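Hello,

Here is the structure I promised to pass on to you. Have a look first, and then read my notes below.

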Amino acid sequence: MDVLHDESLKIALVIGNGINRYHSTSDDGNNSWDKMLLALWQKYSQSASQLSAPNGISLIEFYDALDLTKRSDEINLQKEFCGLMRHWKAKEHHVAISSWAKNKGTPILTTNFEETLSANITQEITHFDSKSFTDFYPWESYFSDHKVDDPANEFAIWHINGIQRYSRSIRLGLSHYMGSVERARRLIHPGKGIRLFAGKNVNEWPGRHSWLHIIFNNDLVFIGLGLDTTEVFLRWLLIERAKYFYQFPKRRKNAYFVYADTNDLSPGQKLFFDSVRVQVIHERSYDEIYHSPWSMD
């Protein structure tokens with residue numbers, strides 16, 4: 001990925017579950033989320049015969065359907081989902097990527113819940129403000145080898161959709177994603193106080209100590225993510241980001257979607273990426289994404 005060596009960019013990595021599928025087998029613990037959701041459906045749904053998410057429903061809606069039709073209200077699906085990840089282990093490429101980012105001072109945002117990326121960095125999580133910390137939305141909490149003052153300019157690992165150790169933070173369903181949109185909107189467009197879109201001081205808006213600050217102040221490199229229609233929250237943020245840069249063109253940052261699938265992107269994905277100015281990078285193989293770029297030589 002040549003983009004990683006472009007010194008004119010202020011890169012932040014945005015990493016999805018593809019990193020866990022790379023060199024993964026069905027029995028090594030790092031399974032795909034759709035399989036995990038299906039496992040929960042088989043275990044807890046009143047119609048357990050469902051072997052796959054049927055056409056016409058997204059995976060995030062599939063989760064909500066399970067939550068609405070599960071056999072007992074006492075079943076906590078977020079805790080159950082976290083339990084399915086308890087044996088996930090960091091692999092060589094997890095360590096290589098997080099080590100590269102630490103060495104370069106590059107922030108990492110991840111939609112993943114488990115802590116495989118931070119396992120070789122630290123076991124301790126840091127909160128910008130312990131008094132205001134909430135385990136429901138730990139957006140100002142991060143993993144790093146040092147205390148972070150500026151999220152956009154320092155290495156840390158931030159979890160967009162929740163962290164395994166805080167089961168209430170796990171965002172799995174459409175209702176969860178809509179809650180995240182609502183929370184982010186209150187930070188980006190507060191009714192009172194300093195608004196990001198006011199443009200007067202970009203370092204004083206309410207989200208400056210969260211991973212949201214990175215979204216609006218860094219060149220983003222997406223790997224291991226489909227950014228398809230199920231990624232409601234991230235796609236909404238990219239729309240808000242595009243609006244922000246339209247209003248303040250001198251602050252514009254780039255974004256890159258890296259993939260290695262043999263299938264081409266759908267027309268809808270291409271249209272969306274064009275509209276929010278995300279550049280597409282097609283690599284020849286998954287090794288070109290998860291292995292070769294992270295050598296420290």
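How many nonpolar, polar and charged residues does the lining of the second largest pocket have? There are six nonpolar, five polar and five charged residues in that lining, where Ala, Val, Leu, Ile, Met, Phe, Trp, Tyr, Cys and Pro count as nonpolar, Asp, Glu, Lys and Arg as charged, and the others, Gly among them, as polar. A pocket here is an open set of points on a 1 Å grid over the protein atoms alone, where a 1.4 Å probe fits, with protein on both sides within 12 Å along at least five of seven lines; lining residues have an atom within 4 Å of a point.

Before you go on: this is a predicted model, in which local features need pLDDT of at least 70 and side-chain atom pairs count only at pLDDT 80 or more, while totals for chains, interfaces and linings use all residues. Residues are numbered from 1 along each chain as its sequence is written, and side-chain values use heavy atoms, leaving out hydrogens and water.

The largest pocket is lined by 35 residues, with R21, G224, L225, G226 and D228 nearest its centre. By class, 19 of its lining residues are nonpolar, nine polar and seven charged.

Now to S180, which is buried, with a relative accessible area of 0% (buried means under 20%, with a 1.4 Å probe and protein chains only). Beyond its neighbours within four places in sequence, S180 is in contact (heavy atoms within 4.5 Å) with Y137, W139, R171 and F233. W211 also touches W139 and F233, and L237 is another of its partners.

Enjoy exploring!

Note on methods
Buried < 20%, exposed > 50% of the residue type's maximum accessible area, 1.4 Å probe, protein only.
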